[in-house]
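Please read the following briefing alongside the sequence and the coordinates, which are shown below. The points are grouped by topic.

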Amino acid sequence: MELSECSLNSATIRGSSLDDVLDLAARYGFGGVGLWRDVLDDADLLTARGRVDDTGLRVTSVCRGGMFPQPTESLRRARLDDNRRAVDQARALGADCLVLVCGPPLAGDLASARGRIREGIEQLIPYAVEAGVALAVEPFHPMLAATRSAITSLREAAALTEGIGHPHVGLAVDSYHIWWETDLHEQIIGAGDRIMAVQLADWCTPIEDELASRGMPGEGDIDMAGFVTDCRSAGYSGLVEVEVLSSRWWSRPAELTVAAAAAALGAVANPLPSS
């Protein structure tokens, strides 16, 4: 793939500042950046938007909103307030979407968690619509159900968004989380224009950390070109993010990691011929 068709997610170089993420992405020729909220914690959003515009990069996503299941009403209100702040950040940066990491169950109650997740998204929709921010539900690999999200398959995430039935609510599809699913090709094609973000990381074994054992595209077992081809065939025309949460890559200098990401993406066959 051409790097102009790709986006550097800040989580790939965790610990880097916003300026460093933007500078490295621009220097290597990425078309955009995906930003985790930690790089925005101390940033003036107007200044940050100016920096983004100066580099000519596009903000493909802000991560994360979500974490909807909470044990008390006061904590649910606090979570809604934080999600509204995340929407504000996405709006200020002109992001393509706000990624929703929906949250784990409380005391193992998956059914209740899934209900809370739907309620939380529906409660957030009016604020997101007013801000012009799309909400992208990200399904997670089942091994992260207890810590990150009760939404653990693309099939389930698609059913959730279909049930909500609002054009501002779609899907963020990450190769690492869903590559193993039955009928994945058909599921992705069926998702169509509800796909709002596409992220790449490879599945490398052994899994030494459930969150941070991912690899660069091509390092592991996932058919990256096939995954991207399916997303493009479904109608996704946005930039493709490289989002590699990896203790191994985080231990290296950020520039070496970005260089490796750029090389890995360049080795992924161009999924569809240019028209």
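**Pockets, barrel and local geometry**

The second largest pocket is lined by Phe-68, Glu-73, Arg-76, Arg-77, Arg-79, Leu-80, Asn-83, Arg-116, Glu-119, Gly-120 and Gln-123. The elements that give two or more residues to this lining are H3 and helix H4 (110-131), where helices (H or I, at least four residues) and strands (E, at least two) are DSSP runs numbered from the N terminus. The model is predicted, so that local features need pLDDT of at least 70 and side-chain atom pairs count only at pLDDT 80 or more, while totals for chains, interfaces and linings use all residues. Residues are numbered from 1 along each chain as its sequence is written, and side-chain values use heavy atoms, with hydrogens and water left out.

**Pockets**

- A pocket is here an open set of points on a 1 Å grid over the protein atoms alone, where a 1.4 Å probe fits, with protein on both sides within 12 Å along at least five of seven lines, and lining residues have an atom within 4 Å of a point.
- The second largest pocket holds about 190 Å³ of space, a volume being the space filled by probe spheres set on the grid points, which are joined across faces, edges and corners.
- H3 gives the largest share of the lining of the second largest pocket, 6 residues, and by class this lining has 2 nonpolar, 3 polar and 6 charged residues.
- In these classes Ala, Val, Leu, Ile, Met, Phe, Trp, Tyr, Cys and Pro count as nonpolar, Asp, Glu, Lys and Arg as charged, and the others, Gly among them, as polar.
- The largest pocket has a volume of about 350 Å³ and is lined by 20 residues, of which Trp-36, Cys-63, Arg-64, Val-101 and Arg-148 lie nearest its centre.
- The lining of the largest pocket has 7 nonpolar, 2 polar and 11 charged residues, and S3 and helix H3 (73-93) each supply at least two of its residues.

**Barrel**

- In the order S1-S2-S3-S4-S5-S6-S7-S10, 8 strands close into a barrel with parallel pairing, two strands being paired if DSSP finds at least two bridges between them.
- Neighbouring strands of this sheet are turned by 30° against each other on average, direction ignored.
- Strand S2 (residues 32-36) pairs with strand S3 (residues 58-66) in the parallel sense over 5 bridges, and Leu-35 stands opposite Val-62 in S3.

**Aromatic pairs**

- The count comes to 2 aromatic pairs, for which rings of Phe, Tyr and Trp (its six-membered ring) must have centres within 6.5 Å, with planes under 30 degrees apart counted as stacked, over 60 as edge-to-face and the rest as tilted.
- Trp-179 and Trp-203 form a tilted pair, at 6.0 Å centre to centre and 45° between the planes.
- This pair links distant parts of the chain, 24 residues apart, with Trp-179 in the loop between helix H6 (175-178) and helix H7 (184-191) and Trp-203 in strand S8 (residues 202-203).

**Backbone**

- Most residues other than glycine have a negative phi, and most peptide bonds are trans.
- The peptide bond from Cys-63 to Arg-64 is cis, with omega near 15°, and Arg-64 is found in strand S3.
- Thr-205 and Pro-206 are joined by a cis peptide bond with omega about 5°, Pro-206 being found in the loop between S8 and strand S9 (214-215).
- Met-67, although not a glycine, has a positive phi of about 50° and lies in the loop between S3 and H3.

Note on methods. Axes fitted to C-alpha atoms, helices over the stretch in contact; angles between N-to-C directions.
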